[in-house]
Amino acid sequence: MDWGTELWDQYDTIEKHTQSGLELVEKYVKFVKERTEIEQNYAKQLRNLSKKYNLKRSSKDEPECRFSSYQSFLDLLNEMNDYAGQRELIAENMMMSICIDLTKYLQELKQERKTYLMEAKKAQQSLESTYKQLDSSKKRFEREWREAERAAQYAEKTDQDINATKADVEKAKQQAHMRAHVAEECKNDYAAQLQKYNKEQNQFYFNDMPLIFNKLQDLDERRVRKLAQGYILFSDTEKHVMPIIGKCLEGITKAGTNVNERNDSMVVIEQSKSGFERPGDLEFEDYSQGINRASSDSSLGTPKGPMDLLGKNRSKNFWLFSKRSKLSPSTLPPFSTPPAPSPANGPPSPKFGRDPLSYCLKEINKTVKPRISSFRTLRRSPAVTEDFAHLPPEQRRKRLQQKLEEICKELQKEVDQSEALGKMKDVYEKNPQMGDPASLASQISQTTQNIERLRGELNKYETWLAEAGGRGDTLRYKTHTFNNNGAHDVHSPDGAHSDESTPDPSQAIYAEFDDDFEDEELTAPIGKCTAMYNFPGASEGTIAMQEGEVLAVVEEDKGDGWTRVRRNNGDEGYIPTSYVTISLNE
């Protein structure tokens, strides 16, 4: 069953129905747009929420970042951020696959419907025009036939009139004959117009309009089918990201299971352990024997009171002396001459100044009435020093080791930069058309200065680390420095350098790394590249290639314009990055 057969006379109904269908598509598109806005706002709020509680995400060195509970919270925030990204993806996919696609399809349907309705209107106008011609010929035939009848009656009346002349009779007969002839022509024209109209009317109701109605029916069915697909996409768009959303939620669950309370407790110990020894028992001071004897006796013994911590541990933070544990003047022992600090413990505390004896004599005079205000100064944090001497021994060693690692990384980066500049200069010297070697002089000089500066800092911090290593457990630590040839120098745990590790500034900073190349031959390729131009590879360390040749990428461009590649036969070397198109493995 189709509209052309069953609804041949329901033009207005079909027009309204198709218009209503298009309006439904528009309404659905508007609904999906509002849904995407909700998703986008939801994702935005989630991202802002994650950002609000993830203020320290760029501060990797924060102490709390080492706690599993804190790290799991950061993982939770990251997963929530990824979850927000999936909500944004839902909105984007809905906008692309439903809103934009349906809107475009809707415009096509509107244009197609408009075309069919115009065809129907033209057919109807043509039928109406034919009907007007039929009606006009019919009225003309009716008018002429009446005139012919009147003319015939007049001729007959004239012929019977005895007073009429023969000429009048002939004239009346001729007039009647002419009118009859015109009426006959109008009759034939009317018959022809009637036949034409009937034919067009049959064509209109049995062919033209049913065909147009069937086309409109097909249009409406396609519209319904497309709308149904849009309904399905509304669900499938979210279903497609549900596995990823599930992974985000699994990641949050995993973050919760990764929390290790025992490990966090150990981190607290590691971060806060001072390395100090616990204070011993205070000795009884018998002031009844006199001040001189008390001071003399105390000067012969090893100080064990709280102030002895000052002499033993230099200018440290005295968190042991809190407001809840103030010592009364009667419990404060007299100051005695402190033992000379060992070289491993560094320089003497600034509390004693340059003359420890005079300082102690002054303190002996104040033994009877010590000033409690002096302990307030012990709670003040000392000034931060470059060698981290203001920290407890354990924390100082950790900070020094951390600083050494940072310097080593920076030094390695500068050595790599120096190596790259040296290779580039060598290429420029052998291939002047590629660049001017003199243009690299300033960069090479700056890199050399940076390397020397970092070496100086490395030696300085190694000395401090060796010094800090004598304040507790033996610290086993090895650092690597680099000479101008890129060779690795290993420092012993005590910070001393071997003779072979002495850098030679006179050596070229861009010498070849033959040993390194041999070690890296087994490196797995990270991608492929295709040569766009020929490259002669005349310089040492480079490799020739032909246009269209495919090579394996061993090392990416580090910013110097060169990429390391390998042939199938094992030959390796550097080529200009701009000469190839690179596709890395995922």
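This is a predicted model: local features need pLDDT of at least 70, side-chain atom pairs count only at pLDDT 80 or more; totals for chains, interfaces and linings use all residues.

Residues are numbered from 1 along each chain as its sequence is written, and side-chain values use heavy atoms, with hydrogens and water left out.

**Stop one: α5**

Select residues 261–272, helix α5. Helices are DSSP runs (H or I, at least four residues), numbered from the N terminus. α5 has 12 residues and reaches 17 Å from first C-alpha to last, close to the expected 16 Å (1.5 Å times one less than the number of residues).

Now go to the start of α5. A side-chain oxygen of Asn 260 comes to within 3.1 Å of the backbone nitrogen of Arg 262.

Which residues of α5 are buried? Pick Asp 264, Val 267 and Gln 271. Buried means under 20% relative accessible area, exposed over 50%, partly exposed in between (1.4 Å probe, protein chains only). These three sit on the same side of α5, because they cover an arc of only 55° around the axis (taken from the directions from the helix axis to the C-beta atoms). The buried residues of α5 pack against α3 (68–160) and α10 (393–430).

**Stop two: Glu 39**

Move to Glu 39 in helix α2 (residues 11–52). Glu 39 counts as buried because its relative accessibility is 5%. Leaving aside neighbours within four places in sequence, Glu 39 is in contact (heavy atoms within 4.5 Å) with Arg 87, Ile 90 and Ala 91.

**Stop three: Met 178**

Finish at Met 178 in helix α4 (residues 166–257). Met 178 has 42% relative accessibility, so it counts as partly exposed.

Conventions
Helices (H or I, at least four residues) and strands (E, at least two) are DSSP runs, numbered from the N terminus. A polar contact is a pair of N or O atoms within 3.5 Å; within protein, one must be able to donate a hydrogen and the other to accept it, and residues adjacent in sequence count only if both atoms are side-chain atoms.
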